[in-house]
Amino acid sequence: MTKSLKVRRIHVYLSSVLLMFGFIVAYSVQVTDRNNHEVGDRSDSEWKQKVRLNEKIIHEKETNEMLQERLQKLRTEVNTKEKDLSERQAISQQVVHELEMLRMQAGLTPVFGQGVTVTLEDSKTARDFQNIADGIVHDQNLRDVVNELFAAGAEGIAINDQRLVSGSSVRCVGPTIIVNDIKLAPPFVIRAIGEKETLVAALKMPGGIIDGLKQRTIGVTISDSNRIELPAYVGENNDKKVINLREESNGGEGKNEK
């Protein structure tokens, strides 16, 4: 009886072990099937997502290519317009530069630059001269100095702040000298813009105009500067008052030539 009871217990234990083993196997199979199913579903989802991403990438590439073509076209158009605009600006700047040059040459704008200043004064001993007129600065003396400066390359000249232009006149009326219809009194300050060394050399030429004035004891002062300022011409051009600044002492009239 004892042996039979032991056999029954072994059977119970064995049955329990087999039952637990069967349960574990069944559970493992179930879990494995479920995991395989989930993996399959996940793989399908990832595949679909990859397909959508690839389609999106292809679409973006096509869009980028279209945008690049459009950008290249716009760049070409912009370059063409910039070139046209640059040419127009160059022409405009050239026209403005030429206009400014003409205004400067006409004396219509104030200008500055290096140049010289020549001051002429009546002789202090003029009263002792047999002919007092020999010690006085005349209009012809001013014209001679101005012409010498122009011949030496002066780009602009003013006498006592009266800018000389093609219609300017330097003439003597009684005891006064009139420039641009403005009466001037000594000292006469002639300012000229140009290469200062050249202008000074022309004025100080031996036997030149300045030497002739000094022989008459006319007060002459010459100085150069890196900045000479000339005012703009103020007045109206009038053909009746045009006097050639290079005329000889015979008083002939004509057009001023620089």
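Select Asn-180 first. Asn-180 sits in the loop between strand E5 (176–179) and E6. Strands here are DSSP runs of at least two residues (E), helices are runs of at least four (H or I), and both are numbered from the N terminus. Check the backbone of Asn-180: phi is positive, about 55°, although this residue is not a glycine. Is Asn-180 buried or exposed? Asn-180 is buried, with a relative accessible area of 6%. Buried means under 20% relative accessible area, exposed means over 50%, and partly exposed lies in between, using a 1.4 Å probe and protein chains only.

A word on the model before moving on. This is a predicted model, in which local features need pLDDT of at least 70 and side-chain atom pairs count only at pLDDT 80 or more, while totals for chains, interfaces and linings use all residues. Residues are numbered from 1 along each chain as its sequence is written, and side-chain values use heavy atoms, with hydrogens and water left out.

**Stop 1: Gln-162**

Now select Gln-162, in strand E3. Gln-162 is buried, at 16% relative accessible area. Which residues does Gln-162 contact, leaving aside neighbours within four places in sequence? They are Ile-157, Val-179, Asn-180, Ile-182 and Leu-184. Contact means heavy atoms within 4.5 Å.

**Stop 2: the loop between E2 and E3**

Step back to Asn-160. Asn-160 is in the loop between E2 and E3. Asn-160 has a positive phi of about 50°, and it is not a glycine. Its relative accessibility is 23%, so Asn-160 counts as partly exposed.

A salt bridge is a side-chain nitrogen of Lys or Arg within 4 Å of a carboxyl oxygen of Asp or Glu. Compare the two ends. Arg-191 counts as buried at 18% relative accessibility. Asp-161 counts as partly exposed at 48%.

**Stop 3: Pro-186 and Pro-187**

Select both prolines. A cis peptide bond joins Pro-186 and Pro-187, with omega about 0°. Where is Pro-187? Pro-187 is in the loop between strand E6 (182–184) and E7.

**Stop 4: more salt bridges**

How many salt bridges does the structure hold? The structure holds five. One of them joins Asp-224 and Lys-196, whose closest N and O atoms are 3.9 Å apart. Asp-224 lies in strand E8 (residues 219–230) and Lys-196 in helix H3 (residues 196–203), so the pair ties together parts 28 residues apart in sequence. Asp-224 is partly exposed, with a relative accessible area of 44%. Lys-196 counts as buried, at 14%.

Next, pick Glu-229 and Arg-227. They also form a salt bridge, and the closest N and O atoms are 3.0 Å apart. Glu-229 is partly exposed, at 44% relative accessible area. Arg-227 is partly exposed too, at 46%.

**Stop 5: helices H2 and H3**

Show helix H2 (residues 139–151) together with H3. Their axes come within 9 Å and cross at roughly 135°. That makes H2 oblique to H3. Axes are lines fitted to C-alpha atoms, for helices over the stretch in contact, and angles run from 0 to 180 degrees between N-to-C directions. Angles under 35 degrees count as roughly parallel, over 145 as roughly antiparallel, 65 to 115 as roughly perpendicular, and the rest as oblique.

The crossing of H2 and H3 is right-handed. Right-handed means the near helix is turned clockwise from the far one by less than a right angle; anticlockwise is left-handed. Which residues meet here? Val-145, Glu-148 and Leu-149 in H2 meet Leu-199, Ala-202 and Leu-203 in H3.

**Last stop: the whole chain**

Zoom out. The chain has four helices and eight strands. Along the sequence they follow the pattern α-β-α-β-β-β-β-β-β-α-α-β. Of the 258 residues in the chain, 27% are buried. Among contacts with a separation of 6 or more, 74% are between residues 24 or more positions apart.
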